[in-house]
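User: Hi! Could you walk me through this one?
Analyst: Happy to, here it is.
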Amino acid sequence: MKHRTFFWFILPTFLAMFFFITLPIISVVVQSFHTPHENILITVENCDPFGCKKVTSIDHEATKELKNEKPLGKFVGLDIYFDRGHLALEQVKQHWNNSENLLSFLSLISDLPFYKAIFFTLTFTFTVTPIMLFLGLLIALGVNAINRKLKGLIIFFSLLPMIVTPLIGSIILFWMIDSRGIVGNFLQITFEDPNLSLKASTSLTWVTLIVYGVWHAIPFSFIVFYAGLQTLPKDQIESAQIDGANTFQQTIHIIIPHIMPLITFVTLMQLMDNFRVFEPIIGFNAEAHATSLSWIIFNDLGGETRQLSAAATSSILTIIGIIILLLPVLIKTWREFDFKK
Amino acid sequence: MKLLLIKVFSILFFLASSSAFACSISARVSIVGNEFPAIQTVGAGAKECKGAKVTANLTADHQKINVAGMSSKPAEYTSAIVANTSIVALLNNDLIRPLDDLVNKHGKGLKKNQLITIDGKIMAVAFMANAQHLVYRKDILKKLNIDVPKTYEEMLAAAKKIRAAGLVKNPVGGAYKAGWNLAQEFNNMFIGYGGSHFKGNSAEPNVNSDAGVKALKMMKSLSEYMNPDFLTHDSNATNAEFRAGNVAIMNMWGSRAATLVDADGVSMEVKNGMDIAGPMTVGGGKTPASTLFWDGWTVAKKISDEEAEATFIAMTNAIRPSILDNEDIRKQAVWLIEGYKPTDAARGVFAAAKMNTTPYPMLPYAGLMHSAIGKEIADFMQGKETADKTLSDIEDAYRASAKEKGFL
């Protein structure tokens, strides 16, 4: 493609990305360096249906001038990044000095909200992604091999988990795994333990969320791989068959190298998707056992508290996390690209 | 004949004047609020006004949108229906206006105790009260000869007997879902043990105390008699458990008591067996382990005076005393409106008010404390931490967010 054509071709996308991605991210970065001004507090008398009481309130007149002067708030640099709600430098240092080995250090810092969320997020990402890559490929190979007449029906049913809205899907499963729900009850009978509850223990909640994550993501990898399988080099496979290669050998030596770019693509997408795991935590009411960075942002923004700076900081940390996570894959892609050139 | 004519005319005149008096407004009214039945009634009442457009956005997510919707100029919402918890965010951002002039002009029917004043200025008009109190199965208690619990200690003893008798496996219910609900239960218990969340009039936290430890331990003891999934049960799920006959005693919101067993499929046993009583005390204290709430409406600051006046007229119309002529509406809440006679379902909240239950504090930083408690307390309930560690975690989490918001 000529550079000129390419430029006009990419311009609309570029503009949209600049206005709807770059600018908002810049504003989030700026927000994360600022906090609201200190409130000037006064004591006033409040009366309600239950009587009168002296309470503390914000003096709006006094705070107004400050707000008009610097509407962005107080510049605090990286303070929010290092406070207890985020990287918690002070607490981490303390725990490091107080712990004898790495394991006790990890268990100590897993009590801090940011690290607690990171531990779950990483566990989720690094279990769901490989499992769903493997199962997705398996299903794609299976569907590719079955009778043409059945294919349409099977593909439709295999795609269902992705069609269901994540929040709705997880709420439905939440009731199914309830100790009185069909799955929960079945497990109780199978393991002959009437007190077994998937929702009451942290490890079982994690397993539930991971199983849900895999269930929801498989259709994506399946359909991408299935599309890839339609472009298989027939003559290569035929010559392999003549050479006496079995199905497993054909898969390892021909099919997988052929669809490798697709595997990289699905891995990239899924690492990003799984790192910002959110809906299942809400749907499964799992906040007591598992939190993620996205959940922290949601929690900071909702309700009465509205901690904008904290949410902005968590957002930036999420972006940094995703960049670190994708770096190896991106470097690999870059090298391969250069090499071919 | 002449007399009759005069009579007819005077009646006609009266009708005309009263309908003209009913509710006419000359500027737009736009309401945002929660969505439970009593608030639906208020929204519908405001819509009866003629002369300009009245819209109502009633949703459980009202707290997520009311601040943003009232910050623009002119504000999208001219009125927000709030409680003593959620008014704080509007006050903190200076988004609602004093109503003194409007009350003088249009608020003749309002009772004095409906007017919420802050620093002497009327900032909201309350229309109902709410509190958590005891809801129980009288048939089960009777069968085992247990008196209606007046304290949490008696509740525990009753739970032990009910489980031992094999009547209900997990007899205690409670909205213990991690987050807002669980924090609210802690607040109740903490106040019941005589605790106060802040040091004096400052924003310094004060939960890491003897009362805090006792409150946590009592909650833990209660949870042993609850469904093991209690950390996922909000008040809806807890009510569902009660309806299904899986719960015999629980601390529940008054605003839900009236309609608790009205749903389809509730057995006659549960329907006839359900009863309510006042809130319980704990640890020998006199103050009930509960908190009082009011629900009321406000008028936005960033709107024209005409819109503010129209909003005030429409909202006052929505809570006029004559709405209580309807039996269904009368049952929906503990109304603070003139002429309200308590229904049977209101006994619990009335008992709470009579027992001098502490109102939820209208402090600018109360929401931050509530959120910190909700985040940290689940670890203790799962037995992962000691009470002391959890309480100091709550204070640390609160300090971090209060510092960010400029309170410390």
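User: How many helices and strands are in chain A?
Analyst: Chain A has 16 helices and 4 strands, taken as DSSP runs numbered from the N terminus (helices are H or I, at least four residues; strands are E, at least two). This is a predicted model, where local features need pLDDT of at least 70 and side-chain atom pairs 80 or more, while totals for chains, interfaces and linings use all residues. Residues count from 1 along each chain as its sequence is written, with chains lettered from A and ligands numbered from 1 in the order written.

User: Switching to the contact, how many residues come from chain A and chain B?
Analyst: Chain B gives 51 residues and chain A gives 41, a contact being two C-beta atoms, placed from the backbone, within 7 Å. Among the chain B elements giving two or more residues are β4 (115-118), β5 (121-137) and α17 (387-404).

User: Nice. Which strand of chain A pairs with β4(B)?
Analyst: Strand β2 (residues 41-48) of chain A, antiparallel over 2 bridges; pairing needs at least two DSSP bridges.

User: And what stands opposite C47(A)?
Analyst: T117(B), in β4(B).
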